[in-house]
Amino acid sequence: MTTGLAATISCFDVIIHAMTLKEFIINAAQSVGFQRTVIASLASMEEERAQYERWLALGYAAGMEYLKRNPYFRTSPELLHPSGRSAIVVSVSYYTDVPQCPGSYYGRVARYAVGLDYHAVLRAKLRELKNIIEKEAGRSILAKAFTDDVALFEQGLAARHGLGFAGRNTLIIGPKLMGSYNFVGELVTDLQLEPDESYAGTCGQCFRCGAGCPTAAIKYGEGLDANLCISYLTIENKNGIPVALRKQLGSWVFGCDVCQEVCPYNQKPPPTPWAEFHPRKGAGHYLDLLSVLAISSEEEFRSKFGHTPLRRPKRRGLLRNALVVLGNRLAGDGQANGRLHTHSPSPDPDFVVRKLADFAACENDPMLREHAYWAIFQGGGMESKKSLGQLLRREPDEQVRACLSTYA
């Protein structure tokens, strides 16, 4: 009886007369729609672990406690499954063009989040790839699909085996101007496959991502400080957005693409090949901020965004973000980050201030009320002063009242 690699290859006798098993898998992945595929070893990532631990020691993981737990496991892909032998690592573009903003009181959504939830889409596509391999093999194989939902240092694994290289903004940048607008996924299998080598890409002396970052979150030679990152602040952050950083959010209501938009490797990014990532399938590139404020419950929130990445911060987080962007709009600062050329009339500022005041008067969450007060304050007009005075006389939370002194 044959064992190991010989047994695996014998299952593919029909196909390997023309190509190797590895070549077949790469071609099969391409037929599913993945634009780049490499094979990764599941050996421990020793160098990558040291890099990851240095990043943690700098405090750059901010409030993401799950990233701080057990760095050894996160950099030991062999622990993902006891029968795993190799990982098929894939990437696919999520890039779509950003249209003109529909109005002044809209917020930008990062490109990765405009369509359906990528976790479900990529897992389904990886299972499709598994089925293709099994059909040719004539047997079932172990193939566990992962994408950004398991304790794995994906950036390190992808860079170690040539899916791309890690740019200064920490994103994987693919070869041949594939750029960084790509989702990454893994299929851990019991197939013993020859791993690929790393890809010799580099940012050179370029630091446009760091220079362009609105909050200076990208540190040269150190990586990304999530404490300052707009994507962290608007998605993973469970607390209020620091007052000192609110104006830097500009028009970003969910995530941020600035470090990618200024990257030379993203001059001609390939468009997404999958309809699931088109804006018509999900939340789209812009959110009507006043409509977001009108979401009154978690159930309503889930019905609107539960099928998209925007579900991550929950109602509380998305409303917090909308309040900050509305404040920036009222102050005229929203144009700093994102396209604000509009093609339709927008409500006048006093109308928006009244909507914010109505929201604050009915909202039970002190954190959201404080953000609403801040947004109203940015209006600066008589309507803003009138609304603030009325609201603050009724404000029961001392900490919220004290916050006024930080931005008044």
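**Loops, helix packing and a pocket in a predicted model**

G103 is found in the loop between β2 (86-93) and β3 (106-109). Helices (H or I, at least four residues) and strands (E, at least two) are DSSP runs, numbered from the N terminus. The structure is a predicted model, in which local features need pLDDT of at least 70, side-chain atom pairs count only at pLDDT 80 or more, and totals for chains, interfaces and linings use all residues. Residues are numbered from 1 along each chain as its sequence is written, and side-chain values use heavy atoms, with hydrogens and water left out.

G103 counts as buried, at 2% relative accessibility. Buried means under 20% relative accessible area, exposed means over 50%, and partly exposed lies in between (1.4 Å probe, protein chains only). G103 and S346 are 243 residues apart in sequence. Their C-alpha atoms are 5.7 Å apart in space.

T147 has 1% relative accessibility and so counts as buried. Contact means heavy atoms within 4.5 Å. Leaving aside neighbours within four places in sequence, T147 is in contact with Y118, H119, L122, R123, E154, V184, G185 and E186. T147 and K281 are 134 residues apart along the chain, and 20 Å separates their C-alpha atoms.

K125 sits in helix α6 (residues 118-137). K125 counts as buried because its relative accessibility is 14%. Residues up to four places away in sequence not counted, K125 touches V32, F34, W274 and E276. Y106 lies 19 residues from K125 along the chain, with a C-alpha separation of 33 Å.

Q51 belongs to helix α3 (residues 46-57). Q51 is partly exposed, at 37% relative accessibility. F153 and Q155 are touched by Q51, again not counting residues up to four places away in sequence. Q51 and G379 are 328 residues apart in sequence and 45 Å apart, C-alpha to C-alpha.

Backbone angles come next. Most residues other than glycine have a negative phi, and most peptide bonds are trans. K176 has a positive phi of about 55 degrees although it is not a glycine. K176 lies in the loop between β6 (172-173) and β7 (182-189). Its relative accessible area is 82%, so K176 is exposed. K314 also is not a glycine, and has a positive phi of about 65 degrees. K314 is placed in helix α14. With a relative accessible area of 51%, K314 is exposed.

Helix α14 (residues 314-331) packs with helix α16 (residues 366-379) at an angle of about 10 degrees, with their axes 7 Å apart. That makes α14 roughly parallel to α16. Axes are lines fitted to C-alpha atoms, for helices over the stretch in contact, and angles run from 0 to 180 degrees between N-to-C directions. Angles under 35 degrees count as roughly parallel, over 145 as roughly antiparallel, 65 to 115 as roughly perpendicular and the rest as oblique. From α14, the contact includes R315, R316, L319, R320, L323, V324, G327, N328, L330 and A331. They meet M367, L368, H371, A372, W374, A375, Q378 and G379 in α16. By class, this contact has 10 nonpolar, five polar and three charged residues. Ala, Val, Leu, Ile, Met, Phe, Trp, Tyr, Cys and Pro count as nonpolar, Asp, Glu, Lys and Arg as charged, and the others, Gly among them, as polar.

The second largest pocket has a volume of about 210 Å³. A pocket is an open set of points on a 1 Å grid over the protein atoms alone, where a 1.4 Å probe fits, with protein on both sides within 12 Å along at least five of seven lines; lining residues have an atom within 4 Å of a point. Grid points are joined across faces, edges and corners, and a volume is the space filled by probe spheres set on the points. The lining consists of L290, L293, A294, I295, S296, R315, K355, D358, F359, C362 and E363. The most comes from α15, with four residues. By class, the lining has six nonpolar, one polar and four charged residues.
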